[in-house]
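User: I would like to learn how to read a model of this kind, feature by feature. Please give the general idea each time, then the case at hand.

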Amino acid sequence: MFRDLYYNMFDFVRTFGALQLFFLRLLMYSPTVLWRRFGLVVAQIHNAGALSLVIIIISGFFVGAVLGLQGFSNLSRFNAEDSVGAVAALALVKELGPVITALLFAGRAGTALSSEIGLMKATDQLSAMEMMAVNPIRRVVVPRFLGGVVAMPLLAAIFSMVGLLGAHLVCVSLLGVDVGSFWQQMQQSVEVADINEGIVKSIVFGIAASLLAVWEGYNAIPTAEGVGRATTRTVVISAIVVLIFDFMITAVAI
Amino acid sequence: MDAVSDNLIEIHDLDYSFGARKIFNGLNLTIKRGQVTAIMGPSGTGKTTLLRLITRQIVPDHGVILVDGVDIATLNQTGLYEMRKRFGMLFQNGALLTDLSVFENVAFPLREHTRLTNRLIRHVVLTKLHAVGLRGAADMMPQQLSGGMARRVALARAMVMDPDILIYDEPFVGLDPISMGVIVRLVRKMNDALGITSIIVSHDVQEISTVADCSYLISKGKVAASGSPDELNKASSDLVRQFMHGMADGPVAFHYDAPDYAEQLLGRDTE
């Protein structure tokens, strides 16, 4: 049993070290790719960002609407329903926006990145690039990583914004909360530090989810089963890592 | 100045293991400049592995691989990529980039490594596609191509940078007789017209016999026989005869190592 534990720990440390080296390589190649192959990065921002908009907008709207309903229901017990705008905004900007966007991002864009890179590996496309003296990390992996890193904070911002519209629709248009109070309370309660916390979280989650997605794809076993496993691991590990980072950043911010 | 050696690739005393399994054990082999050299052998003998070793996609446990006199183990990444620009490789399944059209697949190395104008790239790509008979398929996507067409596009891509060495990994597998004939003719035509050196990994004896100048038969990690296809056909060795004439049993056993048949059927092997 101790031997198994030892080997598992050894494997974990080795994989974690390799992941860090991989991350350093991505960072090292990023300036060149941004400078010389900006078009590739833009295409990947489109793939990871624009193509995730539908799921982000629909989810954001309903999360905001539920926040509005719950906020109104609970706050009205204390005659504080005018504060529902502030509650919804703080919850969305600081917490739910970045976290739910990151989870959805891992499910939609992360899996697409992993399976695409994994399939390229399984069909020898990455080896073919190597043989054409083209570095696949620079040509394939870095643009996808950067695309995810840029897209994720933008998606989180859109999620929060649409969520606020959802809360507004439910609270103001349906439940009769005063529109002036809704926005004024929000303006008074939400500080720049709260928005910054949300921005920092979405950037960190974007880096983590994109890194894990391209890592899993690049290291997938080049078979149908291997690519499937890599895709599943991307979602599972990204979700866990996002929630752990969320706790850590929140703890530091408070 | 040194005279240019006849040997473009030399492999000396090569050892390579995959896990506990020894793939090559003291392999020695030379590829002559300007010739079509075939590397043959039963499935699982490491033919594709040998190609990966020659192009340093993997590194040997022991031994030296010289490409034009340069030990490829000594190259750094820049040197390795410079050397690989001299290679064109045709993968077994074509390995076309699925998000690019046929035209862009062939143009890919040019766009990555040169600063040619779009007009010039178009000329070069159409010339190469014409050579493989697929100029009309330039706008198609790889998913729309048959296996034979995909391999011809991959061949056009492999030669778009005018390489010195063209490597074919199992180019005849899964092709219908017409596509196979086309590829066989193209291999010979490209080699002679462009003055390049070709290496073909295959176990299709008939096709290889029509196209290769020299063949190596690899078995058990070593070169079991070498020579022209005619010489191999006339060889007296049991292994060569079994392989060249496609006999089911011989030195390469039909049955994989297994316990005694009767004992296994009676379930005694598990006791």
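User: Which residue is the bridge partner of Ala38(B) in E9(B)?

Analyst: Strands of a sheet pair through backbone hydrogen bonds, either parallel or antiparallel. In this predicted model, Ala38(B) has Ser215(B) of E9(B) as its bridge partner. The two strands involved are E3 (residues 36–40) and E9 (residues 214–219) of chain B, which pair in the parallel sense over four bridges.

User: In what order do the six strands of that open sheet in chain B run?

Analyst: The order is E6-E7-E8-E3-E9-E10, and the pairing is mixed. E6 and strand E10 (222–227) of chain B are the edge strands, each pairing on one side only. On average, neighbouring strands of this sheet are turned by 15 degrees against each other, with direction ignored.

User: How should I read the confidence values?

Analyst: Where pLDDT is low, the predicted coordinates should not be read in detail. For chain B the mean pLDDT is 86, and 93% of its residues reach 70 or more. For the complex, the predictor gives an ipTM of 0.81 and a pTM of 0.85.

User: Now chain A. What does its secondary structure come to?

Analyst: Chain A has nine helices and zero strands. Its C-alpha atoms fill a box of roughly 70 × 50 × 30 Å along the principal axes. Of its 254 residues, 44% count as buried. Taking contacts in chain A between residues at least 6 apart in sequence, 87% join residues at least 24 apart.

User: What span should helix H9 of chain A have?

Analyst: H9 (residues 224–253) of chain A holds 30 residues, so at 1.5 Å a residue the span should be 44 Å. The end C-alpha atoms of H9 are 43 Å apart, which agrees with that expectation.

User: Which residues of H9(A) are buried?

Analyst: An α-helix has 3.6 residues a turn, so residues three or four places apart point the same way. In H9(A) the buried residues are Val227(A), Ala230(A), Thr231(A), Thr234(A), Val235(A), Ser238(A) and Val242(A). The buried residues of H9(A) pack against helix H4 (84–122) and helix H8 (192–218) of chain A.

User: Is Asp124(A) buried or exposed?

Analyst: The cut-off for buried is 20 or more other C-beta atoms within 10 Å. Asp124(A) counts as buried because it has 21 C-beta neighbours inside 10 Å.

User: What can be said of Ala95(B) and its phi?

Analyst: Ala95(B) is not a glycine, yet it has a positive phi of about 55 degrees. Ala95(B) is found in the loop between E6 and H3 of chain B. With 27 C-beta neighbours inside 10 Å, Ala95(B) therefore counts as buried.

Note on methods: Residues are numbered from 1 along each chain as its sequence is written. Chains are lettered from A and ligands numbered from 1 in the order in which they are written. This is a predicted model: local features need pLDDT of at least 70, side-chain atom pairs count only at pLDDT 80 or more; totals for chains, interfaces and linings use all residues. Two strands pair if DSSP finds at least two bridges between them. Axes are lines fitted to C-alpha atoms, for helices over the stretch in contact, and angles run from 0 to 180 degrees between N-to-C directions. pLDDT is the predictor's confidence in each residue, from 0 to 100. A residue is buried if 20 or more other C-beta atoms lie within 10 Å of its own, exposed if 12 or fewer, and partly exposed in between; C-beta atoms are placed from the backbone. Two residues are in contact if their C-beta atoms, placed from the backbone, lie within 7 Å. The expected span of a helix is 1.5 Å times one less than its number of residues.
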